[in-house]
Amino acid sequence: AVLLAGDMLDECTSDTPAWQLLKQLGERYLCFAVLGNHECRRESISETQHLYRSCGITLLQGTGQTLSFSGCPVHFCGVDSPARFGEGYFGHSYYFPLNFHLWRRQLSRCAARAPKGVFSVLLSHHPEHAAYYAASGLNLTVCGHAHGGQVRIPGLVNGLYAPGQGVLPPYAGGLASLPP
């Protein structure tokens, strides 16, 4: 499965290159995606959703799907960027309310619908909300948003800066293990 953690499209550039990539991926592979903050800032979220779906990509928006790989079930679920709910996408904003109630409810719904005893993969855009993911009880979270750590120096694992995490970001690359 190909997991797309958001920001494949944005509000400022042509959709054509992304659409070509998404179409090719959707034709060849099982693909799941979530909306990132840039998709949520576009003029029409319904148009964005249609573009993903027309490429054969399943958008996980508080939903999930259990698949079997060589007889082993895996549950995939996903949440939109908090920007989808009019929230500041860094966890705070001078322009949006600080209440993450709707986003947390979407995450709780994902966790509640995950079958017990089945390995679960959560797809989300924002790694800086790692504490919420750890508390969800889902097994693995795959995130985007860190832009590879924006600025990197060879040998430095997680980069110098990432959106929403600041300087020396803890969740800009690799694996992070948090207590539940």
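Helix H4 buries Trp 103, Gln 106, Leu 107, Cys 110 and Ala 111. Buried means under 20% relative accessible area, exposed over 50%, and partly exposed in between, with a 1.4 Å probe and protein chains only. An α-helix has 3.6 residues a turn, so residues three or four places apart point the same way. On the other side of H4, Ala 112 and Arg 113 are exposed.

This is a predicted model, in which local features need pLDDT of at least 70, side-chain atom pairs count only at pLDDT 80 or more, and totals for chains, interfaces and linings use all residues. Residues are numbered from 1 along each chain as its sequence is written, and side-chain values use heavy atoms, leaving out hydrogens and water.

H4 spans residues 101-113, 13 residues in total. From first C-alpha to last, H4 reaches 18 Å, close to the 18 Å expected at 1.5 Å a residue. That expected span is 1.5 Å times one less than the number of residues. Helices (H or I, at least four residues) and strands (E, at least two) are DSSP runs, numbered from the N terminus.

What do the buried residues of H4 pack against? Their partners are strand E5 (72-78), strand E6 (119-123) and helix H5 (130-136). Contact here means heavy atoms within 4.5 Å.

Gln 61 lies in the loop between strand E3 (58-59) and strand E4 (64-69). Gln 61 is buried, at a relative accessible area of 15%. The side chains of Gln 61 and Arg 53 are joined by a polar contact of 3.4 Å. Such a contact is a pair of N or O atoms within 3.5 Å; within protein, one must be able to donate a hydrogen and the other to accept it, and residues adjacent in sequence count only if both atoms are side-chain atoms.

Another loop, between E4 and E5, holds Ser 70. Its phi is near 50°, a positive value in a residue other than glycine. Ser 70 is exposed, with a relative accessible area of 85%.

Last, the cysteines. The whole structure has zero disulfides (cysteine sulfur atoms paired within 2.5 Å). Cys 55 is buried at 4% relative accessibility. Its closest cysteine sulfur, in Cys 31, is 9.3 Å away, too far for a bond. Cys 12 is exposed, at 67%.
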